[in-house]
Amino acid sequence: VKDNMKILVTGAAGFIGSNLCRYLLNDCSHSVVAVDSLTYAGNLASLDDLRSDDRFIFVAASICHEDAMKGIFETQQPDAVMHLAAESHVDRSIDGPDEFIQTNIVGTYKLLQISRNYFESLEASRKEVFRFHHISTDEVYGSLEPDAPAFSEKTPYDPHSPYSASKAASDHLVRAWCDTYGLPVVLTNCSNNYGPYQFPEKLIPVVILKAIRGEPIPVYGKGENIRDWLYVRDHVRALELVLTKGHVGETYNIGGDNEQRNIDLVNMVCKILDEVSPPIQNGLSIDSYSELITFVKDRPGHDMRYAIDASKIKQGLGWAPEEDFASGFRKTISWYLENEAWWKEILSGNYQLSRQGLS
Ligand code: NAD
Ligand code: TDX
């Protein structure tokens with residue numbers, strides 16, 4: 001597989017997509033065709049620093065729009081697809097599952113059909129190179145009991161939320177297109193990511209931004225749920241490795257070996273913030289941001305624990321997380337403190353103005 005591929009990245013203006021594009025261009029020698037329909041979660045500002053690179057092109061389009069997507073394949077002639085476009089927030093999927101079914105299931109189906117037709121039209125040497133990489137989540141495996149072994153690639157699927165069920169459905173479709181039509185696919189299922197450019201609805205940015213603005217920090221239930229946290233840069237490194245070195249038809253689990261109870265994590269973030277941006281500096285008359293922690297109504301069907309066994313990608317492809325847990329969180333907190341303009345535009349809703357005038 002080539003190390004200078006032209007990669008069509010769907011969901012490129014989202015959290016992981018924008019970090020992936022940055023890695024593919026700045027740390028590797030790939031070119032990127034960035035596709036995103038700019039839903040509430042997509043933000044062109046997350047790609048600002050990449051737009052002057054002549055190996056980068058952005059196209060506003062939905063994976064659900066077949067004509068638009070076909071046109072992109074025809075004109076751009078990508079060597080590979082990395083499919084990240086999705087509705088990604090569990091709470092939103094509970095309040096309104098429709099978009100999750102449309103984008104995550106129907107959109108993935110449409111993208112598979114277009115990719116399959118495109119793949120079949122390629123000449124033999126380009127067929128060797130082509131991959132369809134589906135980016136998925138550990139949530140498809142369901143919830144673990146406290147002492148149960150971590151999820152492996154062989155763990156049976158048991159999704160509980162509309163989000164995880166829709167991602168599970170998309171995983172099955174991708175495998176079926178490989179087995180039935182010979183589309184050369186690879187799949188990855190990753191644990192919770194944290195890092196720069198994460199939309200302020202997810203736990204870590206919620207905690208940081210509520211804290212520095214002196215608002216209650218909502219912790220669901222008793223805060224005892226456990227997630228396995230991975231720095232986003234380690235995830236995108238793994239994605240590039242699987243795309244270029246992974247075996248066709250295979251799935252790789254990606255995780256940080258870093259299980260944390262929500263309440264412990266939230267307290268840790270508050271403690272780092274106390275140090276680097278003391279409450280008094282933000283005009284707050286509290287000693288510690290942890291005083292803002294407020295236990296709220298639990299998420300319905302809230303999975304208790306996720307944990308990933310990443311030994312297949314470690315042993316098979318030589319991947320390992322590089323970012324140390326504490327330093328990764330410090331970097332993330334600093335990023336939010338230093339990039340006020342990025343999140344203020346989101347909190348005010350102004351970021352959505354950037355999509356006006358896009359075809
Ligand atoms: P995100 O919500 O930040 O970004 C998703 C992007 O997809 C947005 O830019 C949005 O505009 C775009 N999008 C949505 N519908 C689209 C459509 N119909 N057509 C084109 N673009 C569309 O999500 P994220 O956290 O960056 O997650 C990216 C992918 O990684 C998702 O598939 C998610 O399931 C998966 N994943 C995320 C995590 C995590 O911790 N965030 C962990 C494992 C897997
Ligand atoms: O305000 C909050 N308070 C809280 O206690 C939020 C937003 C979350 N939580 C809890 C719920 C979860 O146990 O924190 C944990 C993490 O929540 P999210 O950030 O919403 O992530 P999660 O539901 O675990 O899903 C994430 O990881 C897997 C991503 O959103 C998914 O896209 C990914 O597939």
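**View 1. The shell around ligand 2 draws on a helix and a strand.** Helix α7 (203-212) and strand β8 (217-220) each supply at least two residues of this shell; helices (H or I, at least four residues) and strands (E, at least two) are DSSP runs, numbered from the N terminus. Strand β8 gives the largest share, 3 residues. In total, 19 residues surround ligand 2, and the closest are Thr137, Glu139, Tyr163, Arg299 and His302 (a residue is near if one of its heavy atoms lies within 4 Å). By class, the shell has 7 nonpolar, 7 polar and 5 charged residues; Ala, Val, Leu, Ile, Met, Phe, Trp, Tyr, Cys and Pro count as nonpolar, Asp, Glu, Lys and Arg as charged, and the others, Gly among them, as polar.

A note on the model: this is a predicted structure, in which local features need pLDDT of at least 70 and side-chain atom pairs pLDDT 80 or more, while totals for chains, interfaces and linings use all residues. Residues are numbered from 1 along each chain as its sequence is written, chains are lettered from A and ligands numbered from 1 in the order in which they are written, and side-chain values use heavy atoms, without hydrogens and water.

**View 2. Side chains meet oxygen atoms of ligand 2.** An N or O atom in the side chain of Arg299 is 2.6 Å from an oxygen atom of the ligand. For Asn192, the side-chain distance to a ligand oxygen is 2.9 Å, and for Arg227 it is 2.9 Å. The protein covers 93% of the 660 Å² of accessible area that ligand 2 has on its own (Shrake-Rupley method, 1.4 Å probe).

**View 3. Ligand 1 meets backbone and side-chain atoms.** Of the 28 residues around ligand 1, Ile16, Asp36, Ser88, Tyr163 and Lys167 come nearest. A backbone N or O atom of Ile16 lies 2.8 Å from a ligand oxygen, and an N or O atom in the side chain of Tyr163 is 2.7 Å from an oxygen atom of ligand 1. The protein covers 96% of the 840 Å² of accessible area that ligand 1 has on its own.

**View 4. Seven strands form an open, parallel sheet.** The order is β3-β2-β1-β4-β5-β6-β10, where two strands pair if DSSP finds at least two bridges between them. The edge strands are β3 (56-60) and β10 (251-254), each pairing on one side only. Strand β6 (residues 185-190) pairs with β10 over 4 bridges, and Cys190 has Ile254 in β10 as its bridge partner.

How values were computed. A polar contact is a pair of N or O atoms within 3.5 Å; within protein, one must be able to donate a hydrogen and the other to accept it, and residues adjacent in sequence count only if both atoms are side-chain atoms.
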